[in-house]
Amino acid sequence: MNLSVRLPHHFGRKALAAAVALGFVVFGAAPTLRADRYEACQHRIAKADHRLHEAIEHHGYRSEAAERARHNLHEAREHCWSSYHRWWDEDEHRWHTERDWRDEDHEHYRDR
């Protein structure tokens with residue numbers, strides 16, 4: 001007794017086409033999602049870096065506002081590092097793949 005079901009010939013082609021389309025959607029979107037995440041990290045760090053510059057300029061290098069901004073910049077870098085093992089250097093406009101940032105950042109403002 002043969003219990004196999006014969007499907008119409010065109011059904012196999014449609015199933016194959018659907019599988020290929022699904023593969024493009026799933027695997028084709030992966031690099032885009034990663035780029036979006038990196039961009040979000042870059043934006044977060046750039047924003048924190050800008051706020052540190054502003055705090056130093058308006059309140060002084062060792063002010064409470066600058067220390068808070070420096071802490072927020074550290075947190076943004078830490079987040080990107082723990083998520084992607086890279087962090088954005090806003091001053092050099094490049095990604096670092098080593099955890100080599102300095103918490104005493106922007107010391108060139110110290111003499112102002």
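Me: How many aromatic pairs does the count come to?

Reply: This is a predicted model, in which local features need pLDDT of at least 70 and side-chain atom pairs count only at pLDDT 80 or more, while totals for chains, interfaces and linings use all residues. Residues are numbered from 1 along each chain as its sequence is written, and side-chain values use heavy atoms, without hydrogens and water. Rings of Phe, Tyr and Trp (its six-membered ring) pair if their centres lie within 6.5 Å; planes under 30 degrees apart are stacked, over 60 edge-to-face, and the rest tilted. By this rule, the number of aromatic pairs is four.

Me: What kind of aromatic pair do Tyr38 and Trp95 form?

Reply: The ring centres of Tyr38 and Trp95 are 5.8 Å apart. Their planes make an angle of 50°, so the pair is classed as tilted.

Me: Is Tyr38 buried or exposed?

Reply: Buried means under 20% relative accessible area, exposed over 50%, and partly exposed in between (1.4 Å probe, protein chains only). Tyr38 has 17% relative accessibility, and therefore counts as buried.

Me: Which kind of aromatic pair do Trp88 and Trp95 form?

Reply: Trp88 and Trp95 lie 5.4 Å apart, centre to centre. With 70° between the planes, this pair is edge-to-face.

Me: Which residue lies over the face of Trp95?

Reply: A charge sits over a ring if NZ of Lys or CZ of Arg is within 6 Å of the ring centre and within 35 degrees of the ring normal. At 5.8 Å from the ring centre of Trp95, the residue over its face is Arg86.
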